[in-house]
Amino acid sequence: MKALGSSGWKGPVKFRMPTAENLVPIRLDIQSEGQRYKDAFTWNPSDPDNEVVVFAKRTVKDLKLPSAFITQIAQSIQSQLSDFRAFEGQDMYTGEKIIPIKLDLRVNHTLIKDQFLWDLNNFESDPEEFARTLCKDLGVEDPEVGPAVAFAIREQLYEIAIQSVASARESRLSKKGRRGSDHGSASKASGLSMDLVKLFSFKSSVVRKRKDLDVYEPVVDLLTSEEVDALEAREERHAR
Amino acid sequence: MAAKASDSGGSGEILPITPSLSETTSGVTAASQSTQPPSSTSDVDAVCVPSYSRWFSWTGIDDCEVRSLPEFFNSKSSSKNPKFYMYLRNSIIKQYRDDHPRKISFTDVRRTLVSDVVSIRRVFDFLEYWGLINHSSSSSAKPLKWDEKSAGDASSEPPTTVKETAKRICNGCKSICSVACFVCDKYELTLCARCYVRGNYRVGINSTEFKRVELSEESKKVWSEKETLQLMEAVMHYGDDWKKVATHVTGRTEKDCVSQFVKLPFGEQFVKESDSEDSLEAFDQIKGSADLESGGSDKEGSSPNKRMRLTPLADASNPIMAQAAFLSALAGTKVAEAAARAAVTALSDVDYEAEKNASGDPNRQEANGGEITNSKRAWADAKSLIQKEEQEVEGAIKEIVEVEMKKIRDRIVHFEKLDLEMERSRKQLEDMKNLLFTDQLNIFFHTRKARKSEDRVDVQT
């Protein structure tokens, strides 16, 4: 593929979340003494480490979990944080990537399905603000949906960032020439990214094709309690 | 099945709060209990906010918020801005108030706010500290800072460990003395009862050197009459030596003695001699201290008793001030005032000669020419200037008064002259009247004579 003059090659960037706030998505799923605790939230890695224990203690106290959970929660958070920090020194190539982000989550009674494009190069992007606006625009009443949406977006961005680090390492090892197009093709292996070139070439228009419209429209479903129970039972069966 | 965006349910409530909160406010009521119908602010429970949090307003940010949570206001990151802070703060408070009086927990809040959890925690702690959340009017007035070490509830008192300051540890067995202990001041030993009995002390010490000190709780707070009397005696004898005083007073530590002595009402002045003697001595001392900066040291020897008695009061680093303080306390306010005034005038007289004031100071003394510091000289300068001005003013007033008097005198003289004139003219008038009268009389007589002579003539012919 030709390297176009307009799409200059972007040098490697130090790993970080490609968002305005470098926040890490943390997922917890701890089972102990017959109780299961599942949670997902975002954490700021620049906060001091004692915050982890404080958070664990408060959560256990607020949710009235047995105190054995404190250490487990703290450990889980710490390990995810250190994984994140392990990536931090390394390079990643973001390329000219616009990726589709998919939302498919259920929070209490609200079901959200959505897909949209996200510019990975925009380091000023803010999933939190996106989530807030989404919930406001869709009139979502449950306030727990917002954080879940932000978390989902962050998780996907995190995944892609990790992959780009891996691909950067691969390309360095294979000692190929530094060409932006190569990285573009390497990242295509993830199967999801699109090339700006293709998207905004003068042959195609910016307006989305009709058949894609349904895919990119947000869908909010309010479930009844029975549907929720049914879904939960199904999930648990899958988990086992 | 699929609800389109335009048709989402239940968002019709309009609550009187800034628009950025709309999704959380209506959401809260739906989330908390699915069976309850969403009720807007129908609850009449008043939410009480402590008075030290009066600054809070929904739409504004106060200084204390900026100070306590600087991360939102230092513009280091574009998303951590004041607007975001207000979103967090207002959502938390709204959520709490919707469910008032139930206390809101951090986890409740962080699950509903789109943000990283540590920022939420900081805002939450800040609001809880200031009583804007989870404040119950029955709890103690002081807000308690969330202590990470205390795993207990934030609203309960942190476990206070009362440290007994007067706890005595036995020198012999290193255990805490409980009921009674034995103190030897000579070698600064404290022994518990057991060690004392066993003779667990150094070779050179006699058992008679020890004094028994009771450690029961009651004797700590209240000083009995006997103890107070002992204290006063001890102070009179030993003065500044609090160790000896403590030994004299059975059962009290040095600190206790000192603090009790300070608390004693000094109007009583158990140990004072006669007033006048004191005042003269006090005055001499002050004068002496005015002369020399450090020359007060030889005065110290003269009345050690008095000085030592009151050193607890005057704990100033400046020795002269300390001395002046205790002397003034000793001598009483009026005498001290007079003495101070005299000292002041004496000071000003030291370098400046006699032309200064004769303005009624009762105890004018010649000061021995000693050293005076620059500040004192400047102060004396100022004093003399003030006096000069006063005199000038007085002179001016005198002159004015004289002039006025002169004016009045002149007028009086003038009036007197006029008066004299009047008298004279009156007299003249009178004289003239008299003359006129005599003239008239003369004429009358003449006419009468003439008529008579006419009549005679008529008769003759």
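What follows is a tour of aromatic pairs and salt bridges in a predicted model.

Start with the rings. Counted over all chains, there are 22 aromatic pairs. One of them brings Trp55(B) and Trp130(B) together edge-to-face, with 5.5 Å from centre to centre and 85 degrees between the planes. These two come from distant parts of the chain, 75 residues apart: Trp55(B) sits in the loop between α1 (22–32) and α2 (63–68) of chain B, and Trp130(B) in the loop between α5 (117–129) and β1 (180–184) of chain B. Another pair, Phe72(B) with Tyr85(B), is tilted, at 5.4 Å centre to centre and 40 degrees between the planes. Phe72(B) belongs to the loop between α2 and α3 (82–98) of chain B while Tyr85(B) is in helix α3 of chain B, so this contact ties together parts 13 residues apart in sequence.

Now the charges. Side chains of opposite charge can pair when their charged atoms come close. Over all chains, the structure holds 23 salt bridges. In chain A, Arg106(A) meets Glu232(A) at 3.6 Å, N to O. Arg106(A) lies in strand β5 (residues 97–107) and Glu232(A) in helix α8 (residues 225–239), so the bridge ties together parts of chain A that are 126 residues apart in sequence. Arg106(A) also forms a salt bridge with Glu235(A), at 3.7 Å, N to O. Glu235(A) is in helix α8 too, so this pair spans 129 residues of sequence between helix and strand β5. Arg106(A) is partly exposed at 21% relative accessible area, Glu232(A) is partly exposed at 37%, and Glu235(A) is partly exposed at 43%.

In chain B, Glu65(B) and Arg89(B) form a salt bridge with their closest N and O atoms 2.7 Å apart. Glu65(B) is in helix α2 and Arg89(B) in helix α3, 24 residues apart. Glu65(B) is buried, with 0% relative accessible area, and Arg89(B) is buried at 0% too.

Finally, a network of salt bridges links Glu51(A), Arg58(A), Arg121(B), Asp125(B) and Glu128(B).

Conventions
Residues are numbered from 1 along each chain as its sequence is written. Chains are lettered from A and ligands numbered from 1 in the order in which they are written. This is a predicted model: local features need pLDDT of at least 70, side-chain atom pairs count only at pLDDT 80 or more; totals for chains, interfaces and linings use all residues. Side-chain values use heavy atoms; hydrogens and water are left out. Rings of Phe, Tyr and Trp (its six-membered ring) pair if their centres lie within 6.5 Å; planes under 30 degrees apart count as stacked, over 60 as edge-to-face and the rest as tilted. Helices (H or I, at least four residues) and strands (E, at least two) are DSSP runs, numbered from the N terminus. A salt bridge is a side-chain nitrogen of Lys or Arg within 4 Å of a carboxyl oxygen of Asp or Glu. Buried means under 20% relative accessible area, exposed over 50%, partly exposed in between (1.4 Å probe, protein chains only).
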